[in-house]
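Me: I am new to this structure. Please show it, and then I will ask about its parts.

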Amino acid sequence: MERHNLYSSSLLLAMASLICYKAYRIGLGRPDNPGEGFAPFWISFVLALLSAYLLFGSYLKVMKGRGGPIGVATWRKPVYLLFLLFLYAFLLRFLGFLAVTFLLMLFLLYSFGGESLRKSLLFSVLISFIFYFLFARGLQLPLPTGLIWDYLKPG
Amino acid sequence: MGIAEYIIYGFSVATQPENLFYCFVGVFIGTLIGVLPGIGPTGAMSLLLPVTFHISPVGAIIMLAGIYYGCQYGGSITSILVNIPGEASTVITCLDGYEMAKKGKAGIALGVSTIGSFIAGTLSIFGLMFLAFPIAKFALKFGPPEYFSLVCMGLVILTFLTRGSMLKALMMALIGLFIGLIGLDPFTARPRFTFGFKELMDGVGIVPLVMGLFGVSEILINLEEELTREIYRTQIAGLYRSLKEWVSAKWAIIRGSIVGFIVGILPGGGAVLASFVAYAVEKRFSSTPEKFGTGLIEGVAAPESANNAAAQSSLIPLLSLGIPSNVVMAVLYGGLLIHNIQPGPLLLKEHPDVFWGLVMSMYVGNIMLLLLNLPLIGIWVRLLRIPYKYLFPIVLLFCIVGVYSLNNSIFEIYLMVFFGFVGYLMRKFGFEAAPLVMAYVLSPLLESSFRQSLSLSGGSFSIFFSKPISLSFMAVALFLLLFQIFSAIKKGRMHKSSF
């Protein structure tokens with residue numbers, strides 16, 4: 001965990017320092033009339049101090065050989081899913097809810113679930129349509145229909 | 001109106017067909033979420049927040065609260081039969097509940113858990129009815145300095161009671177405070193830290209934040225390893241029989257209810273902590289503490305009663321002070337705000353239908369849960385056999401649609417995925433999400449009361465220490481902070497588990 005702490009505290013220290021600087025630029029105001037940057041400045045300042053403390057403590061422990069390894073082998077699937085979700089959000093506007101949801105469900109069940117292609121296809125079609133009818137028709141939620149279909153419409 | 005009239009009025013609100021329906025939906029979904037490991041009440045409530053736009057404020061709050069206490073009932077089923085807690089507050093039930101199931105006493109364990117939950121829930125509602133009024137009356141004396149000190153104390157207690165490192169909890173609370181400040185400045189209406197996104201002018205929404213930190217990150221963590229569930233194949237019999245065993249657990253139920261009620265009110269308390277404390281207390285009271293963990297009925301009755309009592313008593317600080325005591329209450333706070341209802345001392349006066357309707361609906365909800373749980377346990381258990389590979393895509397899709405439907409904005413989906421990634425990293429690096437969400441919710445109140453206080457005092461910080469109520473809150477906060485720091489220094493392991 002010490003090596004984990006080393007990396008996380010470095011990241012938090014960098015982030016807190018950046019916020020501190022930005023908050024200072026926004027304006028701290030006066031004590032009787034604090035500005036917009038006052039609260040963010042002091043919050044990030046304390047965060048920077050605590051991060052520096054954690055960083056220093058963890059660094060000493062890692063130097064003494066008490067770091068422990070960071071396993072990255074298990075990170076593959078979560079990172080892949082995150083990428084798929086960002087792609088989903090990106091394509092939603094262009095392809096519409098039905099098409100993108102179908103593709104996402106298919107990927108999830110086929111590649112993550114290890115299900116056969118036939119079952120995955122069936123599940124994806126079913127879920128996409130159930131959600132579409134439940135939310136778009138039932139609850140009248142304006143789900144994206146997809147710009148590309150409007151573009152491809154004749155006339 | 002006297003309290004008797006309010007109770008009658010509350011019942012008339014809670015028993016309206018529309019509200020009865022939402023109460024049933026809430027407790028049903030709550031039980032379902034409790035049974036299925038992975039989502040939890042926080043995620044489920046955030047998921048349904050957008051749905052509540054279309055219903056009345058009273059119905060919405062009744063439904064959201066129903067999910068929370070319904071979850072406590074449902075979570076015990078998985079703990080007892082599968083040894084997988086469906087909900088964090090039922091983790092401790094696994095110890096004796098699963099052992100009882102292995103001995104063929106699953107029915108008794110489930111029965112005592114349901115009856116204990118019902119009794120504790122009902123006792124807790126009594127406490128809520130009689131305590132909320134005096135606390136709200138007292139809170140009317142609060143001005144900006146008192147609110148600032150109260151929030152400070154709440155945040156310190158929250159980090160003090162956190163399960164992991166206090167240092168990390170403090171860091172998360174600070175990040176939560178910062179996220180809560182993103183958007184337009186409340187005094188000057190100038191944008192702060194919006195990074196050029198106009199969608200962030202209104203701030204970061206609670207739904208994408210909570211769904212990302214709890215819902216998406218939970219799925220990401222579960223993907224790392226195949227979740228295997230083995231349901232202990234035992235005859236679920238004796239649910240209504242074995243009265244002798246139930247009677248033997250009566251003191252455990254009462255003690256659990258009292259402990260749960262008290263812990264639920266504390267900032268950072270809630271159902272999870274209540275169940276652990278109740279188990280420890282019960283062990284202390286027992287003449288055979290060495291038998292705990294081997295399938296003792298008291299080991300099921302006490303934590304199960306405590307988590308239900310806490311789930312309902314944690315509404316007291318939210319409704320009477322406007323301060324959520326745990327992350328679930330923070331989501332409920334968000335739900336109230338969405339419906340233009342400001343939780344706090346004036347809620348009881350301005351929206352008696354919400355307060356008394358909610359309180360009385362919990363009686364009704366507890367009876368519904370009793371009827372729903374005892375006869376339907378077989379069906380709930382069958383649900384556990386749904387493979388995770390089918391479950392997680394559906395949960396994910398619910399999250400996506402739920403977040404999108406808030407403002408019909410794809411940006412909210414990006415935001416949820418981003419917080420899902422942050423939540424995943426936090427879990428990997430040993431940071432808890434609860435202090436972050438709590439601080440995020442309290443951040444606007446903290447900042448506005450701080451700035452108002454300084455304006456009132458002409459820039460003097462002594463205002464927080466010159467008023468008696470504010471001073472006492474500050475004293476508690478400082479004492480707890482210093483106590484924790486000194487005890488950690490003494491132990492010489494500041495950044496280990498103790499601090």
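Me: How many Å separate the centres of domain 1 of chain A and domain 2 of chain A?
Reply: This is a predicted model, where local features need pLDDT of at least 70, side-chain atom pairs count only at pLDDT 80 or more, and totals for chains, interfaces and linings use all residues. Residues are numbered from 1 along each chain as its sequence is written, chains are lettered from A and ligands numbered from 1 in the order in which they are written, and side-chain values use heavy atoms, without hydrogens and water. Chain A is assigned domain 1 (2–63) and domain 2 (74–151), with bounds from an automatic or database domain assignment. Taken over C-alpha atoms, their centres are separated by 39 Å.

Me: What area do chain A and chain B bury between them?
Reply: In contact (heavy atoms within 4.5 Å) are 62 residues of chain A and 54 residues of chain B. Buried area is the accessible area (1.4 Å probe) that two parts lose on being put together, summed over both. Carbon and sulfur atoms carry 80% of it, and the total is about 5600 Å².

Me: Which side chain of chain A meets B:Arg190 in a salt bridge?
Reply: A salt bridge needs a side-chain nitrogen of Lys or Arg within 4 Å of a carboxyl oxygen of Asp or Glu. The rule finds two across the interface of chain A and chain B. In one of them, at 2.9 Å from N to O, the partner of B:Arg190 is A:Glu36.
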